[in-house]
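Here is a friendly walk through a model, from its fold to some of its side-chain pairs. Please keep the sequence and the 3D view at hand while reading.

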Amino acid sequence: MEAPDNFILKVSNLSVEISNQSILENLSFRVKKGVTLAIVGPNGAGKTTLFRAMLNLVPYKGKIEWNGKVKIGYVPQVLSVRDLPLSVKEFLSFKREADFDSVLASVGLDSKAVLDKSLGALSGGEMRRVLIAWAIVDKPDVLLFDEPTSGVDIDSEEAIYGMLRKLTAKNKITLLLISHDLHIVREYSDYALALNRCMVFFGDSKEVMNPETQKLIFGEPICREYGEGHGGSINL
Amino acid sequence: MAEALIYSLIVGVAVGFSAGYLGSIMVLEKMALVGDALSHVALPGLALGVLLNFDPLIGAFAFLFVSAVLIWHLSRVTKLSFETLVGAAFTLALAIGILLFQDLEALEEALFGDITKVGLIQAFAAIVISIAVIFLTRVIYKKIVLGLISEELAISKGVNIARTNLLYLLLVSITVAIGIQITGTLLVGFLVVTPAAAARIISANLSRYLKLSATFGAISAISGILLSSYLSVHPGPLVVISGIIIFAAAVIIRWRRNFAP
């Protein structure tokens with residue numbers, strides 16, 4: 001038996017309806033402290049809605065319990081920063097004043113070169129790195145990251161996931177990320193939660209690539225009954 | 001006359017500075033025309049002041065204030081953008097204002113401003129109000145920018161977007177009401193739009209953008225008022241022309257930067 005305080009998040013019987021349309025149905029899972037959980041599924045599967053429910057941005061039924069007072073960081077998929085006259089330094093100080101040199105160095109950026117640059121002048125890869133720096137600069141306990149590599153070429157994708165993984169491990173941050181790429185999920189996360197309106201898979205991310213699971217994830221939504229997931233023990 | 005000039009310069013600096021500062025948000029929110037159109041809503045208020053013999057500026061502020069609250073409320077109920085609602089409100093206000101003004105001279109004063117009527121009280125009020133506006137704008141600035149980056153992110157950080165927008169609209173109303181003295185209702189919108197637009201062109205970061213926007217607002221107001229006193233014409237159009245010269249200079253600076261070897 002796991003000690004109950006080993007879980008940072010417990011979700012039970014979570015359902016979300018938006019404009020009378022069911023987006024998530026009866027979702028139950030638990031997340032251990034310090035792990036990386038990848039949420040995968042096709043478009044419209046309810047991945048971002050799950051984040052929104054966790055952040056209390058949409059009404060939901062069921063229970064979302066955080067273990068104690070947890071500081072939650074959130075990076076949405078779409079950030080409209082390109083049109084703003086905002087320097088990297090100003091963007092980071094929105095979160096917290098800190099030693100930006102070392103924060104930027106930890107995401108592989110030279111602060112001399114980028115700190116005073118306008119966000120609009122950054123390349124796609126630089127922008128994603130700045131976003132990671134921004135996500136970790138105020139040291140959250142849990143980080144919800146929606147598509148960490150959207151708008152980045154495939155070559156840089158792995159580097160960014162690798163970096164995110166390393167930084168969250170170093171800072172003991174529990175990482176919940178949304179991704180489309182099952183290969184990335186297998187390589188860079190501990191657990192995977194596959195959604196297709198309801199939960200179709202929850203368990204070790206190494207097993208998310210098996211053909212049956214993939215069919216369930218990307219096929220017609222079939223809501224199957226699972227026991228409550230236990231962050232690792234698979235209840236398939 | 002010299003005294004009136006000094007008072008109007010004080011009002012000009014105060015209004016130009018706070019309008020520029022506040023207007024920087026409008027340009028970021030892509031709501032430049034909201035500030036411009038909202039200013040015309042003051043007209044019926046000014047007319048009532050003239051008709052019923054009270055300070056027209058109080059009437060202007062009351063009308064701006066009520067319209068701002070109404071527009072804010074309607075945008076929440078109907079989900080229409082501020083731009084659409086202000087667009088509908090300002091033409092109505094203009095129509096009512098023109099109908100209410102029986103006296104053409106008073107209408108002219110309302111439309112174009114009259115700095116000879118600016119005295120010690122108005123100058124003092126302008127300074128106090130501008131300081132308050134800048135202080136309050138500073139309080140909401142970060143929240144507004146966070147909301148522009150991502151509304152969800154701002155809400156998840158506890159920002160009440162609706163309340164912030166309401167406060168912002170009220171600040172615009174107050175600033176526009178005091179700005180009317182200098183430029184009149186027809187041109188006061190300029191002060192919230194053009195200085196910020198010029199600053200935006202040549203700013204890579206927020207702090208420079210804010211400082212330049214406020215400074216350009218103040219410079220446009222001072223130069224316009226000084227020129228108008230020299231040429232004995234309405235200051236409003238000259239404030240606008242001074243501001244446009246700054247805008248053109250900013251465009252040239254940006255253009256040279258873009259094509260610099």
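## Chain A and the pairs around it

Chain A holds 8 helices and 9 strands, where helices (H or I, at least four residues) and strands (E, at least two) are DSSP runs numbered from the N terminus. This is a predicted model, in which local features need pLDDT of at least 70 and side-chain atom pairs count only at pLDDT 80 or more, while totals for chains, interfaces and linings use all residues. Residues are numbered from 1 along each chain as its sequence is written, chains are lettered from A and ligands numbered from 1 in the order in which they are written, and side-chain values use heavy atoms, with hydrogens and water left out.

Of the 236 residues in chain A, 53% are buried; buried means under 20% relative accessible area, exposed over 50%, and partly exposed in between (1.4 Å probe, protein chains only). Contact means heavy atoms within 4.5 Å. Among chain A contacts between residues at least 6 apart in sequence, 67% join residues at least 24 apart.

For a buried spot, look at Ser205(A), with a relative accessible area of 0%. Ser205(A) sits in the loop between strand S9 (198-204) and helix H8 (211-218) of chain A. Leaving aside residues up to four places away in sequence, Ser205(A) touches Val185(A), Arg186(A), Ser189(A), Asp190(A), Tyr191(A) and Ala192(A).

How many salt bridges does a search of the whole structure find over all chains? The search finds 6, a salt bridge being a side-chain nitrogen of Lys or Arg within 4 Å of a carboxyl oxygen of Asp or Glu. Among them are these:

| Salt bridge | N to O distance |
|---|---|
| Arg52(A) and Glu152(B) | 2.2 Å |
| Lys157(B) and Asp138(A) | 3.9 Å |
| Glu187(A) and Arg186(A) | 3.7 Å |

The side chains of Arg52(A) and Glu152(B) meet in a salt bridge. Arg52(A) lies in helix H1 (residues 47-54) of chain A and Glu152(B) in helix H8 (residues 151-156) of chain B, so this pair joins two chains. Lys157(B) forms a salt bridge with Asp138(A). This pair also crosses between chains, from the loop between H8 and helix H9 (161-187) of chain B to the loop between helix H5 (124-136) and strand S6 (142-146) of chain A. Lys157(B) is partly exposed at 42% relative accessibility, whereas Asp138(A) is buried at 7%.

Glu187(A) pairs with Arg186(A) in a salt bridge. Glu187(A) is partly exposed at 40%, and Arg186(A) is partly exposed at 28%. Elsewhere, salt bridges that share partners join Lys95(A), Asp138(A) and Lys157(B) into one network.

## Two helices in chain B

Helix H11 (residues 206-231) and helix H12 (residues 235-258) of chain B pack at about 135°, with their axes 7 Å apart. Axes are lines fitted to C-alpha atoms, for helices over the stretch in contact, and angles run from 0 to 180 degrees between N-to-C directions. H11(B) and H12(B) are therefore oblique to each other, as angles under 35 degrees count as roughly parallel, over 145 as roughly antiparallel, 65 to 115 as roughly perpendicular and the rest as oblique. The contact includes Phe216(B) and Ile219(B) of H11(B) and Leu238(B) and Val239(B) of H12(B).

In the loop between H11 and H12 of chain B, Ser232(B) has a positive phi near 55°. Ser232(B) is exposed, with a relative accessible area of 65%.
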